[in-house]
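Subject: Structure handover

Hello,

Here is the structure we spoke about. Please open it alongside these notes.

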Amino acid sequence: MAEAHPVGFQWVMEAKARGAKVFHIDPRFTRTSALADRHVPLRAGSDIAFLGGVINYILSNGLEFREYVTAYTNAPFLVSEEFRDTEDLDGLFSGYDPETASYETASWHYESARPREGRGARAKEQSAPDQHGSGGPSVEGAADEIAADPTLEHPRCVFQILKRHFARYTPEMVERTCGVPAEVFLEVCRAWTENSGRDRTAALVYSVGWTQHSMGAQYIRAGSIIQLLLGNIGRPGGGVFALRGHASIQGSTDIPTLFNLLPGYLPMPDTGHGDIGEYLHLVRGDRQKGFWRNADAYLVSLLKEYWGDHATAENDWCFDYLPRINGDHGTYRTVMDMIDGKVFGYFLLGQNPAVGSANGRLQRLGMANLDWLVVRDLAMIESATFWKDSPEIESGEIVPERCRTEVFFFPAASHVEKSGTFTQTQRMLQWRDKAVDPAGDQRSELWFFYHLGRILKEKLAGSTDERDRPLLDLWWDYRMEDGDEPSAEDVLRRINGVDLETGRALNGYLELKADGSTLCGCWIYSGVYADEVNQAARRKPHDEQGPYESEWGWTWPLNRRVLYNRASADPQGRPWSERKKLVWWDAEKGEWTGHDVPDFEKTKPPGFRPEPGAVGPDALHGDDPFVMQSDGKGWLFAPNGVLDGPLPTHYEPHESPVRNPLYGQQGNPARKVYPRVDNPSNPAPPERLGEVFPYVFTASRLTEHHTAGGMSRQLPYLAELQPALFVEVSPELAAERGLVHLGWAHVVTSRSAVDARVFVTERMRPLRIEDRVVHQIWMPYHWGQTGLVDGDVVNDLLGVVADPNVFIQESKVATCDIRPGRRPRGPGLLAYLEEYRTRAGITVATGTHLDTAGGAEGRS
């Protein structure tokens, strides 16, 4: 965190100064480790084994916050008799289909709920769980009908299933799997549990890299299970914090850059949705609890914002104007389709895949097979110049004179040259005012896309082709300022939502209607322009307001700083403790009150019980704090919505030097693999010849550079601070491979080899895994061939394999070799890699046999 998010790390240091204990769990000793109370090195890719050990420690010692768990999680709910756990199937859950490497999830459901068709392979191809967003996957059947055992003793209740599932994750197993000594592991467990409960809370903080694994979604689920068991969700000082940084990554998922989402985490329609009614039925379910039931108001208001008066009840509010998805349209599939001649044009904004994405060679070869490529950036990055200076020029794989891609480079305005909002880690929208006018031809993204759309509409004017109607009917009447720049404030106001009958900005998503009388560009952002005031632009100093600084920026939803904060009070509505009070029930006023905006219906009392047959918000009990979930509870066990299992399970990374010590199932059985000649995999157990790549490779950031380096390698003072690519190795590995400090070495995988200076350091520690020593190698990934300082592309070392839930690539762990001296160059590099692949027996099929468990009985 200190390395990649130094501004945010100040709050950790302030907490430490007040007595908080800081543990840093990471393969490498970093700037964060130097300031933590304890650095815990572990083997890259073994995080679930570690977290599973913490869960087992909590449950086997009775350290869960019992009243919280019983009342606020699905721990009491009974699971179907058909469910089989990994303990029964050697690392697989029931419902696995080895032919499609996917699960049919019917057996995972609650006993008394009607299983919804899980769609198996189709759901996997569309990254379906990513579409559930803030609503969570649906559970068919009224939540009040779910069979439960409040004593948590029934063998099929979630609590007992959880205990059995994690029973084998002992401190000794954690040591064998992660390389963390049992006594160090137990120190973490004691600190975490002792700082949780009625009077104390603990926070789990992770950087985005935690998601970059073939089971990344389950990493976060494992951390969330711990926090639920300890009562650390919905309470001040608790939670699971995903660090996003200044690039508005949170905002780019809220108003999405993902192929399968609409704004506010509404799913993108697919080819199976016949009309808006069918779509909404699948999103809302039949009888579920919670505010996701109101998705009709969110969607219709979105369609009204897009198409205005053209969107009417008679034409399904222009629902058919929305694109349909029919499979994997993710980033990596698209790049492969470029190579295969299926994609002809591509826009790149604020990204540099030639350097910053896994398998950089694949990215560059894909871009070299386009008709046209549009690049918008602050500087001439590698993704704009690949056709004349990429490594493939030297190897002869790209010939500039014959490269068919026409590149259009548009200089972009920087964040100080345009107005707008960032949405930060804590879901806070903060307005930035333009400080200076952009120079020359630099323009904002708002200007670029508004005028691109305007020009296209003008060119299509008069068209009678139905496929042109979605563009021609767009309601783009935003206010203009400074001549031809669309007003970012007016766009924000429309995102907030407007009452079409009065013309007034809405005060929140509770005012959205499904009858076409409101428009709203993103329902979770509704309220950011409440009372016709840009709430994101508020900057009242912290010493002039309360501890939750409700008048600094604006946090979705409804300026609520802690999600699910009803859980900060007990079932009777009283704070769990005076020290940790946040919101509570005021019986005299008949409403929820406190230090934060209550994440609950304001006047619904703690003892409220709904009428029979109630659905949506009306079905929420007065003690159902998880108001967006379909059963009102926090999920320790996921009966739906996760494609690789209802519980986190330790699987080895796609490429690993060791056999899974817990199960016969080696890797995530549902992981997304892309078997191609240009995307080879290193062998991993039980495949043979993995010893050709004996070491674990991992990569991450440096403070001095930013991701692919486009904004930092151009700056003299940053380039001087980190002038060259380097590789960190332990003294023991240096001795084993004959590596000399500050000398040259090259790291090799089946995809590429890269040069770097050697940095011999005890920050990289050899770990004992089972009966062998595992060495880990670390590299930063910021260098490419342009800028003031250059270097090989570290991401060229990685192949493309992805988490099945969210299609995020596994780029934090692979296997590799390292050798002293410079790598071969030009065609010699291709021959060198082919020799490695031959020695390792690598074919297109390597790494594609996903089912390695012992028996297949009971899987379906």
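First, the ground rules. This is a predicted model, in which local features need pLDDT of at least 70 and side-chain atom pairs count only at pLDDT 80 or more, while totals for chains, interfaces and linings use all residues. Residues are numbered from 1 along each chain as its sequence is written, and side-chain values use heavy atoms, with hydrogens and water left out.

The sheet

Three strands make an open sheet, ordered E9-E10-E11, with parallel pairing. Strands E9 (345-349) and E11 (406-411) are at the edges with a single partner strand each, so one side of each has no neighbour in the sheet. On average, neighbouring strands here are turned by 15° against each other, direction ignored. (Axes are lines fitted to C-alpha atoms, for helices over the stretch in contact; angles run from 0 to 180 degrees between N-to-C directions.) Strand E10 covers residues 372-377 and pairs with E11 over six bridges, in the parallel sense. Asp-377 sits opposite Pro-411 of E11.

On terms: strands (E, at least two residues) and helices (H or I, at least four) are DSSP runs, numbered from the N terminus. Two strands pair if DSSP finds at least two bridges between them.

Salt bridges

The structure has 53 salt bridges. Each is a side-chain nitrogen of Lys or Arg within 4 Å of a carboxyl oxygen of Asp or Glu. For accessibility, buried means under 20% relative accessible area, exposed over 50%, and partly exposed in between (1.4 Å probe, protein chains only).

- Glu-445 and Arg-376: the closest N and O atoms are 3.1 Å apart. Glu-445 is in helix H18 (residues 445-460) and Arg-376 in strand E10, so this pair ties together parts 69 residues apart in sequence. Arg-376 is buried at 2%; Glu-445 is partly exposed at 28%.
- Arg-333 and Asp-337: the closest N and O atoms are 3.5 Å apart. Both are in helix H13 (residues 331-339), four residues apart, so about one helical turn separates them. Arg-333 is partly exposed at 23%, and Asp-337 is buried at 16%.
- Arg-539 and Asp-433: N to O is 3.7 Å. Arg-539 is in the loop between strands E17 (518-519) and E18 (554-555), and Asp-433 in the loop between strand E13 (428-432) and H18, so the pair ties together parts 106 residues apart in sequence. Arg-539 is partly exposed at 43%, as is Asp-433 at 48%.

One network to look at: salt bridges link Glu-394, Asp-755, Arg-822 and Arg-825.

Best wishes
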